[in-house]
Amino acid sequence: MNKRSKLDIKKIMITIIVFFCSLVFLLPFIWMLSTSFKIEADVFKFPIEWIPERWNAISNYKDVWFGDYPFYLYYWNSIKVAVSTTLLSVTVSAMAAYGFSKVRFPAGGWLFFIVLATYMVPPQASLVPQFLLFRNIGLFDSHLGLVLLGSFSVLGTFMLRQFFMGIHNDLLEAAKIDGAGHWKIFWRIAVPIVKPAIATYAILRFIWTWNDYQNPLIFLRTDKLYTIQLAMQKFTTINGEFYSLIMAAAVSAILPLLIVFIIGQKQVIEGIALGGVKG
Amino acid sequence: MEAKEERQLPLGKTKIKLKRSKIQRSENLAGFLFVSPMFIGVSIITLLPIVATFILAFADWKFIAGWDQLKWVGFANFEALFSDSVFLKSLLNNAIFVLTVPLTMIVSLVLAIIIDKHVYLKSYFKVAFFMPYISSVVAIAVVWQVLFHPTAGPINQFLMSIGIENPPLWIADPKFALISVMMIHLWISVGFNLIVYIAGLQSIPKELYEAAEIDGANTWYKFRKITVPLVSPTSFFLLITGIIATFKVFDLIAVLTSGGPLNSTSMLVWYLYDTAFINLEIGYASAIAVILFLVVFAITIIQWIAQKKWVNY
């Protein structure tokens, strides 16, 4: 009994120390949030006012959301691009993953090797020809172009293939004997079984697309089409010295993501751990 | 329905053969249909462009000029690259930047061991350390830009308040800019490494530690002789993916420093972007892309070879 309570005190002490370490990771976010509520003159007051004395939250956020760079528009654009990319990417990846793992056809091995090989191409190495191509076929400066760029990731195919391979062939054979074709087996049996893996990949893909800055920067020109990340950067350039506004914009850019992350926390962390351990 | 009836009929040998080939043909068709969207997409979005990159690397061509202005120049772009001081500087910066990877891994492993076994509120810590990784790099870069503000920023105000008279100018100082960016990159990456390490630690059998404790092993000994060797596959994975990730860092540089001051934070990908989309030198940029590809390719090959050895240990 005595030993046990002693151990617990040690554990509490360590928890407190690690908590202070975790502040290094959290304080920038807290600073961002508190600055977004302040009036500009109080931003650099020292010592830092973690809880603002003079509140200006409503006016700051109103400027960000309905000012010269209206964030409601960019939000809508980002949601459109991120949701479409996620849906398309998940569908295409799941189909390919099923084809590569559960349909036996001679060319499959070769096709899989080719698809796999693209995994080692750093995205930026093919950027310039992609740009030239998209300009020539009219996909430059459009949301469709962005969605297509983000939808053919080998990673999803790879990840989902592992899970499809875990489904017993007997189960699928039984369905086949009952007269079901591959399409039916895929939708009715295989996809429901790997649903958790699909959810994990969908959440990750959504987060990656939402956060993407490079593709919108290169493939969009028109202000109205900007996604939230690109708008955030332009907003910062325009409002150079208005840090309270910039922080309100940053909070706006991060918030939906945090919500997605907190809802799907388990899936995200497990998915990343799984991918990591497996390599 | 039709297929069902057919199966119940007595069939001759030739018919079975015929049916087999029919089944195989329909399997072939199904296979192609399932993988074709991905295959066609990857071919157009990745394969075709990477081949084009290799071809354009041997051309001298400006983006605004028409195709007829394109000139083939052999290896001239590559020769120019290796006497281009900005390119060499970028390459060097990339090499220095790689140092963030082992540093991140050490910090993450220590944190992972502590969080895995020795604290309360485990899931709070996982989320807290993971937040930078999940957040948008643009927003993070903007926040740090203000935190690092040379005169008014909270960090330097704090440093001055504890008596440091001339704190570094961080991203405004060519000597400190790269280190500042590396610190932020480390800050972002710890969450990912931590999560992967915790999963790796959980796969180590507890009996090993118990046996070592019976033999009187201390914490340091257990760390060195059990934990480190048994998480080595995880470490290897993190090392390789971490190194490759440093070669792809773009958002952070683009928003935070634009490669400056005085090219002190320019890296391969940034220089590629700058050459292609600011200076519009397509041929030259493609040559940089080829170098980038080759570097990442070499690292991937090393990974494949080494991993084969690793898995069988």
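Let's start with helix 5 of chain B, residues 100-117: its 18 residues reach 26 Å from the first C-alpha to the last, close to the 26 Å expected at 1.5 Å a residue. That expected span is 1.5 Å times one less than the number of residues, and helices here are DSSP runs of H or I with at least four residues, strands being runs of E with at least two, numbered from the N terminus.

A word on the source: this is a predicted model, where local features need pLDDT of at least 70 and side-chain atom pairs count only at pLDDT 80 or more, while totals for chains, interfaces and linings use all residues. Residues are numbered from 1 along each chain as its sequence is written, chains are lettered from A and ligands numbered from 1 in the order in which they are written, and side-chain values use heavy atoms, leaving out hydrogens and water.

Back to helix 5 of chain B: its buried residues include Val101(B), Met105(B), Leu109(B), Ala112(B) and Ile115(B). Buried means under 20% relative accessible area, exposed means over 50%, and partly exposed lies in between, using a 1.4 Å probe and protein chains only.

Chain B itself is divided into domain 1 (2-56) and domain 2 (98-266), with bounds from an automatic or database domain assignment. The C-alpha centres of those two domains of chain B lie 46 Å apart.

Now over to chain A, which has 14 helices and zero strands. Its radius of gyration is 24 Å, well over the 19 Å that the globule rule gives for 279 residues, so chain A is more spread out than a compact globule. For that, the radius is taken over C-alpha atoms, and the rule is 2.2 Å times the number of residues to the power 0.38. Along its principal axes, the C-alpha trace of chain A spans about 75 × 70 × 35 Å. Buried residues make up 53% of the chain's 279 residues.

What about the inside? The largest nonpolar core has 192 residues, and Phe164(A) and Phe219(A) touch the most other members. Such a core is a set of buried Ala, Val, Leu, Ile, Met, Phe, Trp, Tyr and Cys residues joined through side-chain atoms within 4.5 Å.

Last stop, Leu172(A), in helix 8 (residues 169-177) of chain A. Is Leu172(A) buried or exposed? Leu172(A) is buried, with a relative accessible area of 5%. Not counting residues up to four places away in sequence, Leu172(A) touches Lys102(A), Ile167(A), Ile185(A) and Ile189(A), where contact means heavy atoms within 4.5 Å.
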